[in-house]
Number of protein chains: 4
Amino acid sequence: MSYAASVVGGTGFTGGELLRLLEGHPEFDVVQATSRSQANKTIGSIHPNLRGTELRFSNPDDLESVDVLFACTPHGVSMERIDAFREVADTVVDLSADFRLPTEAQYDEWYDGHARPELLETAEYALPELNRENLPGAKLIASGGCNATAAILGLKPLFDAEILHGDERVVVDVKVGSSEGGAGGGAASSHPERSGVVRPYAPTGHRHEAEIEEYLGLSVSFTAHAVDMTRGAAATCHVYPEPPVSKSDLWKAYRGSYEEEPFVRLVAGGSGVYRYPEPKSVAASNFAEVGFELDPTNERIVVFSAIDNMMKGSAGQAVHAANIALGIDERAGLEFTGLHPVGAP
Amino acid sequence: MSYAASVVGGTGFTGGELLRLLEGHPEFDVVQATSRSQANKTIGSIHPNLRGTELRFSNPDDLESVDVLFACTPHGVSMERIDAFREVADTVVDLSADFRLPTEAQYDEWYDGHARPELLETAEYALPELNRENLPGAKLIASGGCNATAAILGLKPLFDAEILHGDERVVVDVKVGSSEGGAGGGAASSHPERSGVVRPYAPTGHRHEAEIEEYLGLSVSFTAHAVDMTRGAAATCHVYPEPPVSKSDLWKAYRGSYEEEPFVRLVAGGSGVYRYPEPKSVAASNFAEVGFELDPTNERIVVFSAIDNMMKGSAGQAVHAANIALGIDERAGLEFTGLHPVGAP
Amino acid sequence: MSYAASVVGGTGFTGGELLRLLEGHPEFDVVQATSRSQANKTIGSIHPNLRGTELRFSNPDDLESVDVLFACTPHGVSMERIDAFREVADTVVDLSADFRLPTEAQYDEWYDGHARPELLETAEYALPELNRENLPGAKLIASGGCNATAAILGLKPLFDAEILHGDERVVVDVKVGSSEGGAGGGAASSHPERSGVVRPYAPTGHRHEAEIEEYLGLSVSFTAHAVDMTRGAAATCHVYPEPPVSKSDLWKAYRGSYEEEPFVRLVAGGSGVYRYPEPKSVAASNFAEVGFELDPTNERIVVFSAIDNMMKGSAGQAVHAANIALGIDERAGLEFTGLHPVGAP
Amino acid sequence: MSYAASVVGGTGFTGGELLRLLEGHPEFDVVQATSRSQANKTIGSIHPNLRGTELRFSNPDDLESVDVLFACTPHGVSMERIDAFREVADTVVDLSADFRLPTEAQYDEWYDGHARPELLETAEYALPELNRENLPGAKLIASGGCNATAAILGLKPLFDAEILHGDERVVVDVKVGSSEGGAGGGAASSHPERSGVVRPYAPTGHRHEAEIEEYLGLSVSFTAHAVDMTRGAAATCHVYPEPPVSKSDLWKAYRGSYEEEPFVRLVAGGSGVYRYPEPKSVAASNFAEVGFELDPTNERIVVFSAIDNMMKGSAGQAVHAANIALGIDERAGLEFTGLHPVGAP
């Protein structure tokens, strides 16, 4: 059995990554990739790794009927076009933020309002490690955001184990790669200005705070920095549990939450170069690494989590969610294990 | 049908890359990976992308019987241990330079002599686009070197089309990533000294000249520079054909040589960001990109070729050769198409 | 008037940086640079930017008499050789951690004991923005550490303005370049493993916590990450003041502490690419940038500070301290203003 | 004595670099920096390293009278505004290509014609190591281009020593940093697409060929690649001399040409990490490094030269030329010796 799939917004980075994943997926056939500006051009003219693909971009006004439509359009577009998407596709997976929050009030607070607020309760947020059970059969899926995914994966076991309860002050200090800014570019992302940076790009008020609060139940103190990599998001969470916990409590918590998870690896200490989670270890893969250390002098837990923002943080997560929604093996099309060595991923 | 395979020298970069490829290969079962220094440790303790692998390194003195043994040891080791390798394995694929040249005289000239010169004529050099026909049934395979592969792939069509004859002066100006230096390290490859370089590391006399001369039939003027990437080798070849040729002659030559090749993509001009071969476009894949431009003012052909030195330049090429030797589909295990975007690959 | 100066340990990164600064300094003459392994070799053979220098390394057992000796030896060496240093030099500036803490008990706790604890109270810690008044006439100066400098400069105004009192939980999340690891190298700092990283290298228990606690009066929650730059240290401090403060309180605090400081620039908001402190903006200079943002949703202050760890974090700070100790203009030899654009600094 | 100077086009990379150099120069006072789009803004809002500068950008239509005007406008602007420039300034130094070639025919061939061809013979091309004698008293100076400077400095000694005569085939394979593309940006220079590249950006037909041919007297085979650094240009020249030469001939040639030059360092072999010229060794300085190796197997000379394209390749060269034109010490304001370590410069 094979599902017809389309990618709307195929020239962006997440669109390209989805096309790559879907072409290598045993259960999907890509029947359409749209782009208004590049219509009729080959996909390989934008995504050089896909030069072997015969498909060409087509106009987004001429959507074909498919089983699954993946929307990779900028924030704000899906909410405008959602009826057209749902008309041609039984299942819509949206990679933007347009359907990630459940209420209109949240969109008013964090974004600029919502064009179709009545659909918000219909959509299922997708971060499978958090809410896999909601996804089978879902028809409108809002794939979780990259920084939110990194933070939630790091902190979720502390809630599962009742080490955190939701009223703590937790610092989430995030470091992200340049692909998070998308394919457009601009002065701040030009190579001479962007290379080698440690640049505060969201000191406070990042919109992913809203997702974290909604789905983890914790209002975090979130700050994001741009660093010199292309792919990757790393979250360092600083947590002061009350009462204090032991390292074995932490191992128990993290193993309890993740030992059955196909895409989460626990990495905490050991020998060698790679002792904690880092983006290089998961680059090009759908894996997340999560680890922790205990600071005895101030009763602090430091939690590290690392993902490839293009994979576990967007395109990989969308395929993962679609797999579950359609009843396909979760791992299908997502088994690539990453690379070693790999430079700035 | 499935073949038992082992990797001798599993902690190095090529060893790790081979383990990754073999684990994802439909026809191979990895039954052993050796390391003297890391015996009994998990493979993931060295190669973080392979943390999901259960295999542990074992002592190289205790080789298991396999169908194919891949030797990833430093230059000079295979020639010493070749009998032990061939005793346990029907087919040996050596990734070092030990069996790449056909005569003892060449090893005396370019290396420090050879321990088992009588075996040199037994070995088959493997660069499938050049000599695929020699590989079926081969028992001792010497997988071609990275820089030689880049240069040969760039220039071969000019010989096929009789544009080059072997007595021309051809400059091969190569740019390589840091993984070519291997996992060892040293002052010159420490990050503060190595990052951001354009460093002449083999101004003249690089040993891959010997391979190029032997298999292409041309004594090239070879110079290699270290640049700031981890994976990748890019060769720029400057050729003055006599008589001069046209661009359509070149297209005809390159298409003639490569249009049936599963792992070669021709890229020459066009629009967009990626108009010529570059390592980013093939990073993490077994693809080579080859392209050219004609310089009307001096009747020069500039040929560009780009590979991932860990893949098409070593581990991927070894698997490709083994596939052909064993009669497996050439592409098996090597279909990963690369990434976009990707940083310093 | 000119002072004779020597650099003990001249082959390391801080030694080379000191030699560069002293050679360009209007009041110092470099009369000796020592290295046991490189004795008699030119300084330019190790530090390529100093190829124009005629001085050669000499044996550290043959120290010449100077006005000021700068010790750039690894931690633990100065405490062993301090008598020899003080015998030949009226003023000793030590760039290691050997004399930074005031009591033997602290060395027992954070290091491996101290060889000459009776000298600890003689030494003056040098971070001029913190304790300039202690430095005139000082004979044994312990130049402050890079990460401690970044953290202290960020937080000091909050103490000056009595916004912090010393019993708060403050997270200090630091990102550092590869030169902090020194010139030696090793597997973790080899280019293929180190490039593109966001790697937790001191999750907890970094020794600079001791300096911060001693001189700032605050036990911070310190975590350091290696990122892909050569020079630079950036500290992000997450602070929850009680009672909450306004942005104008913050401006008043930071201006009050730093508006007269020659090497501190306040950067907080504004337009353009560089809105907050970042290492690129101060690379190659002795300047520190400090800035902040207020998070209204959780009453948090986020403080950013950025330095070049080779300059304000080591060699520049040592020269700055020597200038003050000797009564020279503070800025002498340190006026280089940085570069734009600059890559991974 | 001090000269009033202005910078027209102060927001670009070369404009910013010039402002930095002029502010640190003992003989120049910067009285104006112009920018149409940023008029009235601080210089530090664009160039973060110049945040300590009080000057603000002013409108380019209101030029002040100065002794020297440096034009840092894009190619094509100076030729339109040259009368206005010369009206307010006794000496004009143009950093664009507008006055580098001596005849209208050359502009027709390599550019899009010239607006003021009658002025071409008035202008003096400035590459002091080549034609220092033309510069004293010059009123209209065309500062040499970055890639041309790298190539000419590498090859000039071979002409001086009559090893080259002008009719040879010489390959010039250049590797350049992202600042050569200027501050504007675009898809190809966005960080995700530009980082980690080895990208042929001028396979043939680069305009600097015209400068090289005009001033060196050799039609070179020029190819330029973008690599992952911000500053820097490295030229590798492959030369086949007839008759062949010895290494001592080469040393004699290069020493003969450069031993008195204040900004050229010969680097060819030796021990340590930095054995040949490379951009890291000269980053942030006005120095050029030049070196060579002899290839006995094909009677080839490989010449390496490296500069910081922002310094010796543009702003530094312009100041150097102005110093000579005005009779100031050549080295004034240009003595910074570079950095070690330095990342991607």
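Tutor: Start with where chain A meets chain C: that contact takes 43 residues from chain A and 43 residues from chain C. Keep in mind that this is a predicted model.

Student: Which elements of chain A supply at least two residues each to that side?

Tutor: On the side of chain A that touches chain C, these strands each supply at least two residues: E8 (171-176), E9 (198-202), E10 (221-227), E11 (233-239), E13 (288-295) and E14 (300-307).

Student: Through what surface do the copies meet?

Tutor: They meet through the same surface, because 100% of the interface residues of chain C are also interface residues in chain B.

Student: Back to chain A. Which domains is it divided into?

Tutor: Domain 1 of chain A covers 3-143 + 311-326, and domain 2 covers 147-307. The centres of these two domains, taken over C-alpha atoms, are separated by 25 Å.

Student: How many residues of the two domains are in contact?

Tutor: In chain A, 20 residues of domain 1 are in contact with 22 residues of domain 2. On the domain 1 side, helix H3 (104-110), helix H4 (128-131) and H10 each supply at least two residues. The largest share of that side comes from H10(A), with 6 residues. By class, the domain 1 side has 10 nonpolar, 7 polar and 3 charged residues.

Student: Pick a residue in H10 of chain A for me. Is A:Ile324 buried or exposed?

Tutor: A:Ile324 lies in helix H10 (residues 311-326) of chain A. A:Ile324 counts as buried because it has 21 C-beta neighbours inside 10 Å, and the cut-off for buried is 20 or more.

Student: What is A:Ile324 in contact with, leaving aside neighbours within four places in sequence?

Tutor: Its contacts are then A:Pro128, A:Arg132, A:Leu135, A:Pro136 and A:Glu330. A:Ile324 is also 9.0 Å from A:Ala138, C-alpha to C-alpha, although the two are 186 residues apart in sequence.

Student: New topic: backbone. Which residues does the cis peptide bond in chain C join?

Tutor: It joins C:Glu242 and C:Pro243, with omega about 0°. C:Pro243 sits in the loop between strand E11 (233-239) and helix H8 (247-258) of chain C. In chain B, a cis peptide bond joins B:His340 and B:Pro341, with omega about -5°. B:Pro341 is in the segment after helix H10 (311-326) of chain B.

Student: What is phi for C:Asn40?

Tutor: C:Asn40 has a positive phi of about 80°, although it is not a glycine. Most residues other than glycine have a negative phi. C:Asn40 is in the loop between strand E2 (28-34) and strand E3 (57-58) of chain C, and is exposed, with 9 other C-beta atoms within 10 Å.

Note on methods
Residues are numbered from 1 along each chain as its sequence is written. Chains are lettered from A and ligands numbered from 1 in the order in which they are written. This is a predicted model: local features need pLDDT of at least 70, side-chain atom pairs count only at pLDDT 80 or more; totals for chains, interfaces and linings use all residues. Two residues are in contact if their C-beta atoms, placed from the backbone, lie within 7 Å. Helices (H or I, at least four residues) and strands (E, at least two) are DSSP runs, numbered from the N terminus. A residue is buried if 20 or more other C-beta atoms lie within 10 Å of its own, exposed if 12 or fewer, and partly exposed in between; C-beta atoms are placed from the backbone. Domain bounds come from an automatic or database domain assignment. Ala, Val, Leu, Ile, Met, Phe, Trp, Tyr, Cys and Pro count as nonpolar, Asp, Glu, Lys and Arg as charged, and the others, Gly among them, as polar.
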